[in-house]
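Have the model open as you read.

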Number of protein chains: 2
Amino acid sequence: MKVFIAGLGLIGASYASGLSKHYQVYGYDQDERTCNVALEKGYVKAIGLNHLSMCDVVILAFYPTVNIEFLKSHKDLFKSGQILTDVAGTKSFMMKEIEKIIGDDIDYCSHHPMAGKEKKGIDFSDDQIFKHANFIIVPSIKTKSKSQAFLKEMGDLLGFKKQSVIDMEKHDKLIGFTSQLPHAMAVALVNADDFEETQAFTGDSYRDLTRIAMINEDLWTELFFENKCYLLEEMDKFERAFDLIKDAIKREDKAALKALFIASTEKRGRFR
Amino acid sequence: MKVFIAGLGLIGASYASGLSKHYQVYGYDQDERTCNVALEKGYVKAIGLNHLSMCDVVILAFYPTVNIEFLKSHKDLFKSGQILTDVAGTKSFMMKEIEKIIGDDIDYCSHHPMAGKEKKGIDFSDDQIFKHANFIIVPSIKTKSKSQAFLKEMGDLLGFKKQSVIDMEKHDKLIGFTSQLPHAMAVALVNADDFEETQAFTGDSYRDLTRIAMINEDLWTELFFENKCYLLEEMDKFERAFDLIKDAIKREDKAALKALFIASTEKRGRFR
């Protein structure tokens, strides 16, 4: 199996690292140094767009808008029967664009590896980040059976814990809640800090909660805007739950506040 | 040195475990089973209020209101020259009450071990939770030099990473921000979850951020109410920072959103 990875940033390079143990991996990145590092680390057999046409699978590992631009610019390199996938964090906006660009002979199925780091670029690549992470497969109107079977196999080879299949709208709604909202919360908490003494006053909770306030601003600005509608809904939902706590404190309603704590303890306790 | 620990829950028992390696530790708890476990584990030399009078140090390890009740009920057991301290998570309300109850011959200095677990009770006691945690000393109008020196020594023996000395109001303001606010955020996030699929869609961020949504509802309801004024201020401050993100998304203002991400990344990056 020959796999082409377009974009060798943190995720693309971590894929290249993991997949090169099982497949023949080729790749490309706009950044020359990144290309050289990928070769030196042995992640790819060769670098260059000329290898794309002869691969069985193409994985787009750029930001969503760059994936779209890449496809538009290099449409002619794709061959009939190829499997196409991408690793992007939001789906509806990008997938609809990709579906318009590619021919019906391309077997396109999107997916989302729910893993990352607070650092970007190939220098922080590490295929261990996929171990025990969630792997979401998001079929497209251009999905044939081959691509979905390949993704399943690839997810297993990379060591993901749990695979799920879901449609693009539900994906974006859930990601708005489980990933984008927590990032917004962490960023807001750190930005709200106007104390000099914070570090001496933190326990594990503040440290764990704000870790993700270190964020790749280009990528996440794009992801937030692409998921605007769903994310704003989830942010409002959170604020309503937060206001219930505030109101219970203001009214000094012990029973109400305890009930909110009992509910969250019970719900989080069922969670692994 | 003879130390009496009143209250052998998670923190009191973890103190007993750590301190019994250096001092003669005596203790008391309202729960008979807890007392037996403390004896079995060798945390205390003996159990019983009758030992309080002959100890050099008394550590109150109940909830704040129970500390106050305990002092009121057992005032007569305290002896001139004893060191008194407590481990409570909020200070202003409780310390002012304690200062009223005790005589001028008691050397009272409060402190706050910034450590804990998402479980309560002696069965989860573990003196390792203090390693690398923050230790905050909060002097009282009844503090003489002996108690503060003892606390410094005790903090070192228990393995705390960093010691700070701060007044009760500043303590409560900072704790409102670094501890209570994150707990409120985590509880609200979990309570806002109305999806069935959440678990398959979470990365480390959601898991880390919601760990503290498992919360001892009795203790934290008390702590939230005692710190009501400061906590509500910090909750408002957070909501203003959260709304800046929401507004940038609504207005699709890329520069504004990126600036918020850059600010949080820079600020959190300076943090250990």
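Let us start with one residue pair: B:F4 has B:V58 in β4(B) as its bridge partner. This belongs to the pairing of strand β1 (residues 2-6) with strand β4 (residues 57-60) of chain B, which is parallel and runs over four bridges. Strands count as paired if DSSP finds at least two bridges between them; helices (H or I, at least four residues) and strands (E, at least two) are DSSP runs, numbered from the N terminus.

The model is predicted: local features need pLDDT of at least 70, side-chain atom pairs count only at pLDDT 80 or more, and totals for chains, interfaces and linings use all residues. Residues are numbered from 1 along each chain as its sequence is written, chains are lettered from A and ligands numbered from 1 in the order in which they are written, and side-chain values use heavy atoms, with hydrogens and water left out.

Axes are lines fitted to C-alpha atoms, for helices over the stretch in contact, and angles run from 0 to 180 degrees between N-to-C directions.

| Helix (chain B) | Strands touched | Angle |
|---|---|---|
| α1 (residues 10-19) | β1, β2, β4, β6, β7 | about 165° with β1(B) |
| α3 (residues 64-74) | β1, β2, β4, β5 | about 140° with β4(B) |

The open sheet of chain B has eight strands in the order β3-β2-β1-β4-β5-β6-β7-β8, with mixed pairing. Its edges are β3 (46-47) and β8 (162-165), each with a single partner strand, so one side of each lacks a neighbour in the sheet.

Conventions. Contact = heavy atoms within 4.5 Å.
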